[in-house]
Amino acid sequence: MKDRSNISAYLPTSLAPGYIALNKDAQRLDLYMRPPTQEEWSIYNARFHKQKPCNNFHLQRVCTAFGCPYDHQELEPEARHVLEYVLKCSPCPRKSGCRASECFYGHVCQKDGCQGQMKGCRMKLDLHSVDPKMANMVLADDEEELVHGDVEGLQMPDENEYLW
C-alpha cells in the first residue's frame, strides 16, 4: 500500500477472542488503537516517573520475573491506554510473522501518513509497507511468549515524539 494517508481506517477494530488478523500476504495486523489524549499522557507520565509499569503484569495480568523491579500497582485506565499505545508503537521482534495472541508490541505502523522517517516512529521500513486490509483471521499460537528482556534498548518515548 503506497498511500498511507489514512491507514488507520483500514486496520481491523475488533476480532474474535483467541484470533489474530492477517492480510492477504499472511502478515499480522494489529487492531487499530486511537492515539492517547494529552490528559492521558499526563496521567501516564506522572505514573511512569514514579516507577516504570511492568508490561507483562499490566497487559497480560501475570509477571513471572523473580524480583521484578517494575510497578505492579493497578494502573489508571488512562495510563493503561498510553502503555498499550507506546508498546504498539514499538516493533515486535517477530515482526509480521508473530502469531502470539497476547503480544503487546506492534506489527504494523498505524500512523496515518508515516513513511518510516517521521520523528518518533520506531517501526522499520518493512512494517510501513504491510497491507492494512484484513483478509483472514487465524487462531493465535499461544506457545510464543515475550518476557521483559526480549526487546533490548527499548526507551519510552516522550509524548511529543508522536504526531498522531
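**Rings, a pocket and loops in a predicted model**

Reader: In which helix do tyrosine 44 and phenylalanine 48 lie?
Author: Tyrosine 44 and phenylalanine 48 are four residues apart, about one turn of the helix. The model is predicted. In it, both residues lie in helix α1.

Reader: How many helices and strands are there in the protein?
Author: Start at the N terminus and follow the elements: they run β-β-α-α-α-β. The totals are three helices and three strands.

Reader: What share of the residues in the protein is buried?
Author: A residue counts as buried when its relative accessible area is under 20%. The protein has 164 residues. Buried ones make up 41%.

Reader: How many aromatic pairs does a search of the whole structure find?
Author: A pair of aromatic rings is described by the distance of the centres and the angle of the planes. Here, ring centres must lie within 6.5 Å to pair. The search covers the whole structure, and the number of aromatic pairs is four.

Reader: Are the rings of tryptophan 41 and tyrosine 85 stacked or edge-to-face?
Author: The ring centres of tryptophan 41 and tyrosine 85 are 6.3 Å apart. Planes over 60 degrees apart count as edge-to-face. These planes stand at 90 degrees, so the pair is edge-to-face.

Reader: How many residues apart are tryptophan 41 and tyrosine 85?
Author: Tryptophan 41 belongs to helix α1 (residues 38-50), and tyrosine 85 to helix α3. Both are buried. The pair links distant parts of the chain, and the separation is 44 residues.

Reader: What kind of pair do the rings of tyrosine 44 and phenylalanine 48 make?
Author: The ring centres of tyrosine 44 and phenylalanine 48 lie 5.6 Å apart. Planes under 30 degrees apart count as stacked. The planes here are at 25 degrees, so the pair is stacked.

Reader: Which residues form one aromatic cluster?
Author: Tyrosine 44, with a relative accessible area of 3%, is buried. It is one member of the cluster.

Reader: Which ring does lysine 52 lie over?
Author: Lysine 52 sits 4.8 Å from the ring centre. The limit for a charge over a ring is 6 Å from the centre. The ring under lysine 52 is that of tyrosine 70.

Reader: Is arginine 61 buried or partly exposed?
Author: Arginine 61 is found in the loop between α2 (55-60) and α3. It lies over the face of phenylalanine 57, at 5.0 Å from the ring centre. With 47% relative accessibility, arginine 61 counts as partly exposed.

Reader: Where is lysine 95 found?
Author: Lysine 95 is not a glycine, yet its phi is positive, about 55 degrees. Its relative accessible area is 37%, so lysine 95 is partly exposed. Its place is the loop between α3 and β3.

Reader: What is the volume of the largest pocket, and which residues are closest to its centre?
Author: The volume of the largest pocket is about 540 Å³. The lining holds 21 residues. Those closest to the centre are Arg28, Leu31, Lys88, Ser101 and Cys103.

Reader: Which element gives the most to the lining of the largest pocket?
Author: The elements that give two or more residues to this lining are β1 (19-22), β2 (28-29) and α3 (77-88). By class, the lining has 13 nonpolar, two polar and six charged residues. The element that gives the most, with four residues, is α3.

Reader: Which backbone nitrogen does the side chain of asparagine 23 reach?
Author: Asparagine 23 sits in the loop between β1 and β2. Its relative accessible area is 2%, so asparagine 23 is buried. The side chain reaches across 2.9 Å to the backbone nitrogen of aspartate 25.

Reader: How far apart in space are alanine 26 and serine 96?
Author: Alanine 26 lies in the loop between β1 and β2. It is partly exposed, with a relative accessible area of 39%. In sequence, alanine 26 and serine 96 are 70 residues apart. In space, C-alpha to C-alpha, they are apart by 8.1 Å.

Reader: How far apart in space are methionine 123 and glutamine 110?
Author: Methionine 123 lies in the loop between α3 and β3 (136-139). It is buried, with a relative accessible area of 5%. Methionine 123 and glutamine 110 are 13 residues apart in sequence. From C-alpha to C-alpha, the distance is 9.6 Å.

Methods:
Residues are numbered from 1 along each chain as its sequence is written. This is a predicted model: local features need pLDDT of at least 70, side-chain atom pairs count only at pLDDT 80 or more; totals for chains, interfaces and linings use all residues. Side-chain values use heavy atoms; hydrogens and water are left out. On a 1 Å grid over the protein atoms alone, a cavity is a set of points where a 1.4 Å probe fits but cannot get out, and a pocket is an open set with protein on both sides within 12 Å along at least five of seven lines; lining residues have an atom within 4 Å of a point. Grid points are joined across faces, edges and corners, and a volume is the space filled by probe spheres set on the points. Ala, Val, Leu, Ile, Met, Phe, Trp, Tyr, Cys and Pro count as nonpolar, Asp, Glu, Lys and Arg as charged, and the others, Gly among them, as polar. Rings of Phe, Tyr and Trp (its six-membered ring) pair if their centres lie within 6.5 Å; planes under 30 degrees apart count as stacked, over 60 as edge-to-face and the rest as tilted. Buried means under 20% relative accessible area, exposed over 50%, partly exposed in between (1.4 Å probe, protein chains only). A charge sits over a ring if NZ of Lys or CZ of Arg is within 6 Å of the ring centre and within 35 degrees of the ring normal. A polar contact is a pair of N or O atoms within 3.5 Å; within protein, one must be able to donate a hydrogen and the other to accept it, and residues adjacent in sequence count only if both atoms are side-chain atoms.
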